[in-house]
Amino acid sequence: MNSPSAKPRIHLASGLSIGYGESLARIDSDGGGIVLEGGTHYLLARNGRGKTTLLKTLAGVLRPLDGGYECEGRCQYLSEDLCFDRELPAKAIFKSLLKKSRCKDALELAETIELDVEKPYGKLSTGNKRKVALLVAEFSVSDQSLDVLLLDEPFTGLDAFSREAFQERWSQCQDGVLRLVSCHPDFDSMEVGSSVLISDGVIKHIPGGGSDEKAQSWGELKPQLN
Amino acid sequence: MIQRKVWIIALLCTFLLPGVLPYLTPYESNPALIEPARAQAAWVCLWVVTAAWLFFQAARFGDDASRSGLGAYFLSSGVSGLSQMMQIWLACLTFLLPLVAITLGVCFVGAMPSDAGQAQMWVATNLQYAALFLLVVTPLMMVAVSIGSRFGSTIGYLIPLCMSIYGMYGVGYLAMMTEVQSNLLLDWLYVVSPHYHLADLTPRLVFKQGSMLSSEFLQLVVYFAGIKIVLAMFASLTFQPRAAT
C-alpha cells in the first residue's frame, strides 16, 4: 500500500509537444512545465485544439512529438467513443471489470443516476452508455494504488442530474485520485477549479479550487480560449 | 456469448451433421462404411465451422477491441498489446476446444471400430489429428485477431481463410505445376508455402490406414510449431490495440 502522503501526479515537462505528425499544442519551453496532483482538473479548449491528443499522449496511447512527461500512478484513459459489448447488460460489464466490493458501490450509484443495469448495453441511450463507462472508471480505482483517470468528454450526452452527481462525488471524494477531465461546460457559472487550457497551440495550467484559492467559473475562463 | 445465437448453429453442425450426413449417401450398398463416413463428416464439419465462423469471430474480436476504445483503455491501464492479443486469442480457444472435443466424441462414440486393435489405432489417429488440427488453426486465429484489429474484421477474416484454403488445396495445385514446368520461383514458393494439407488426416480415418508413426508425427508437429512461431511473431507485430488515428 502507498503511504498516505503519496499522491498521483502528472508532470508535463517544458517543451512537450503533442500532435499527429505536426505539433498541435505544446508547453512553453521557458518554464518549469505543468504539475498536476490528486484532485479534479478540467481540460478545456475549443474543438480540434488537442484535448483528446493530450489525453491519449498521457495515457501512453500516442507518442509525444517532442519533450517528455511523467505520469505517476495507474492510468486509465476513457476515450469519448469507448463502448462495450452490445449484448451485455451494464451489470455484467461491472461484474467482469470491477472487483466484487466495488461492483456493489457501482450498482448503488447506477441506481441513483437511473441507469438500467439489466438492459443490454447496445439498447441504452448515448447518455446511459456514457454512465456505464464512467462508472467503470470511477470504481476501477484501487485503494492500493495511485490512480490517474483521463476522461475524454465524459459528460457528452449526460443529463444535468447525472453530471452533478458525478461532480459532487468528485468534490466529496478524498480518494486522492487525479482526474483530468476534458469537457465543454455548458453554463457560465460552472465552477471549474484547477484547469488546463489549450489555447493558440499552447498548453497552460490555471490553478484554482484549492483551500486558499478561489475556483474560477467557466465564464471567466472562456475568453482565454482561442 | 449466450445472447448470440450463432454458436448454437456451430454446435449443431459439429454435433448433428456427422450423424445425419452419412445417411444421405447410398450407404445401403455397404453399411460398414457408415462409421468412417461419420468420422469424415465430423472432421470436415469442424474444418468448415472453424474456417467459416471461428476465424470471423476472432477477426471481429480484434476489430472490436481497437474500434471500441477498450484496447486503448486497457493499454492505458498497463495491459500491453501483446497481452490483450493473447487474451482475445484465448477467448477464441474457449469456443474452439469444445468443438474439437465434440468431434473427438463423435469419432470415439459414433464411429469406433469394434475390433480392439483397430479401436486403439482409431483413438491414436484421432488424437494425432486433433493435435495437428489445433497446431494449424490456432495460429491462424491469432492472425485473424491481429489483422482484424489493424485492418478491420473483413480483411482479418479473409486473410487466414485464404491462407488455410491455400495451405489445404492451393499447395497441391502448385505441386502439380512444379512437376509440369521447372521454375525456380514456383519451387521456392512451394517450399515456403504452409503445407496445411499434411494436417488433414481424414483419408487415414476413412480408409483406416492407422495412426502415423511417432517419428513422422513429431516431424509434422515440429513443422507446424515452426509455422506457429512465425505466425505468432507476425501477429504480435501486427496487433493494434487502439484505432488508427
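Mentor: Happy to! Let's begin with A:Val196, which is buried because 22 other C-beta atoms lie within 10 Å, and 20 or more is enough to count as buried. Keep in mind that this is a predicted model. To find A:Val196 on your screen, go to strand β10 of chain A, which covers residues 194-199. Now look at what surrounds this valine. Leaving aside residues up to four places away in sequence, A:Val196 touches A:Ile34, A:His41, A:Leu43, A:Ile203 and A:His205. Pick out A:His41 from that group: A:Val196 and A:His41 are separated by 155 residues in sequence, yet their C-alpha atoms are 7.0 Å apart in space.

Let's stay in chain A and move to another buried residue. A:Glu153 counts as buried because it has 20 C-beta neighbours inside 10 Å. You will find A:Glu153 in the loop that links β8 (147-152) to α5 (160-172) of chain A. Its backbone deserves a look too: the phi angle of A:Glu153 is near 45°, a positive value in a residue that is not glycine. As background, most residues other than glycine have a negative phi.

Next, turn to the helices of chain A, starting with helix α2 (residues 90-97) and helix α3 (residues 100-112). Their axes are 9 Å apart, and the helices pack at an angle of about 150°. That angle makes α2(A) roughly antiparallel to α3(A). Where they meet, A:Ala90, A:Lys91, A:Phe94 and A:Lys95 from α2(A) face A:Cys103, A:Ala106, A:Leu107 and A:Ala110 from α3(A). Sorted by class, this contact has six nonpolar residues, two charged ones and no polar ones.

Helix α2(A) has another partner, helix α4 (residues 126-138) of chain A, and the two axes come within 10 Å and cross at roughly 20°. These two helices are therefore roughly parallel to each other. Here A:Ala90, A:Ile93, A:Phe94 and A:Leu97 of α2(A) meet A:Val132, A:Leu135 and A:Val136 of α4(A). The classes in this contact are seven nonpolar, no polar and no charged residues. As for handedness, the crossing of α2(A) and α3(A) is right-handed, and the crossing of α2(A) and α4(A) is right-handed.

Finally, step across to chain B. The contact between the chains takes 15 residues from chain A and 13 residues from chain B. On the chain B side, those residues divide into seven polar, four nonpolar and two charged. Chain B itself has 10 helices and zero strands. Its radius of gyration is 20 Å, which agrees with the value near 18 Å that a compact globule of 245 residues would have. Of those 245 residues, 36% are buried. Among the contacts in chain B with a separation of 6 or more, 80% join residues 24 or more positions apart.

Chain B also has a loop residue for you to find. B:Lys208 sits in the loop between α9 (202-206) and α10 (214-238) of chain B. The phi of B:Lys208 is near 50°, a positive value in a residue other than glycine. With 15 other C-beta atoms within 10 Å, B:Lys208 is partly exposed.

Conventions:
Residues are numbered from 1 along each chain as its sequence is written. Chains are lettered from A and ligands numbered from 1 in the order in which they are written. This is a predicted model: local features need pLDDT of at least 70, side-chain atom pairs count only at pLDDT 80 or more; totals for chains, interfaces and linings use all residues. Helices (H or I, at least four residues) and strands (E, at least two) are DSSP runs, numbered from the N terminus. The radius of gyration is taken over C-alpha atoms; the globule rule is 2.2 Å times the number of residues to the power 0.38. A residue is buried if 20 or more other C-beta atoms lie within 10 Å of its own, exposed if 12 or fewer, and partly exposed in between; C-beta atoms are placed from the backbone. Two residues are in contact if their C-beta atoms, placed from the backbone, lie within 7 Å. Ala, Val, Leu, Ile, Met, Phe, Trp, Tyr, Cys and Pro count as nonpolar, Asp, Glu, Lys and Arg as charged, and the others, Gly among them, as polar. Axes are lines fitted to C-alpha atoms, for helices over the stretch in contact, and angles run from 0 to 180 degrees between N-to-C directions. Angles under 35 degrees count as roughly parallel, over 145 as roughly antiparallel, 65 to 115 as roughly perpendicular and the rest as oblique. A crossing is left-handed if the near helix is turned anticlockwise from the far one by less than a right angle, and right-handed if clockwise.
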